[in-house]
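Please consult the sequence and the coordinates alongside the text.

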Amino acid sequence: MIRLFSATLLSLLLCASLANAAEKPLIVASDATWPPIEMLDENKNVVGYSIDYLKAVAKEAGLNVEFRNTAWDGIFAALESRQADIIASSVTITDKRKKAMGFSDPYCEIRQAVVVSTNSDLKNLKELDGKKVGGQIGTTGLVETLPKAKSKAIVKTYDEVGLALEDLAKGNIDAVICDDPVAKFYANKREDFAGKFSVAYLHKDPEYFGFCVRKGETELVKRINKAIAAMKADGTEDKLKIKWMGSAD
């Protein structure tokens, strides 16, 4: 009887342990310095298009997620070291990155944009030659778009794109390169920069954001992709684009 009771108790404890493990949230890392895609609200909560999108994905896929503001320069290391399980941070899907981590299907299409002061007449990337161009360190605008264009711009890197735009407003640099939703946000919606910036150029080649997971997390990717497909089909994706970017296009 004692032996049977002990076995039953052990079974109950094991079930409870498995239930707790199932309820453990997946940590989502997001660099909340990239408005309107990822940013902090007045209460320091991480909000934005990527955040709402992954919350909807989690609801559709039955995932429990918890968002953490994580600096861009450490965000991929956080995933690799298991301090995070998913990255939702405007990460462009590239062949190089796909070798190091797993990606979901795309959830957003963007283009690289060049922000200049309103008195600038810049029209293309070639005109950046010899000019001081700022951008957030490690972003595709700096590491892919400018090099592919054989740009001879003088590049200045920043930990956050907002710091680059502050330098542009002060006249310390000539332009900032970043994703077009971010460029349009700072040029059109930030009251402190009102009338100071214009989006001078949009690159012709599109880029696509994906949610990142550790290499080999195929089941998690399948669940996320199934949810993304459902959100594209039922109009949820378009509603989120309109909410955060003003248009579904």
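How many salt bridges does the count come to? The model is a predicted one, and the count comes to 14 salt bridges.

- Glu66 and Arg68 form a salt bridge in which the closest N and O atoms are 3.3 Å apart.
- Glu66 has a relative accessible area of 33% and is therefore partly exposed; Arg68, at 39% relative accessibility, is likewise partly exposed.
- A salt bridge also joins Asp192 to Arg190, with 2.6 Å between the closest N and O atoms.
- Asp192 is partly exposed because its relative accessible area is 43%, and Arg190 counts as partly exposed at a relative accessible area of 25%.

- Lys232 is bridged to Glu237, the closest N and O atoms lying 2.8 Å apart.
- Lys232 is partly exposed, with a relative accessible area of 41%.
- Glu237 has a relative accessible area of 8%; because buried means under 20% relative accessible area, Glu237 is classed as buried.

**A network of salt bridges**

- Asp85, Arg214 and Glu217 are linked to one another in a network of salt bridges.

Terms used: Residues numbered from 1 in each chain as written. Predicted model: local features only at pLDDT ≥ 70, side-chain atom pairs only at ≥ 80, totals over all residues. Heavy atoms only, no water. Salt bridge = Lys/Arg side-chain N within 4 Å of Asp/Glu carboxyl O. Buried < 20%, exposed > 50% of the residue type's maximum accessible area, 1.4 Å probe, protein only.
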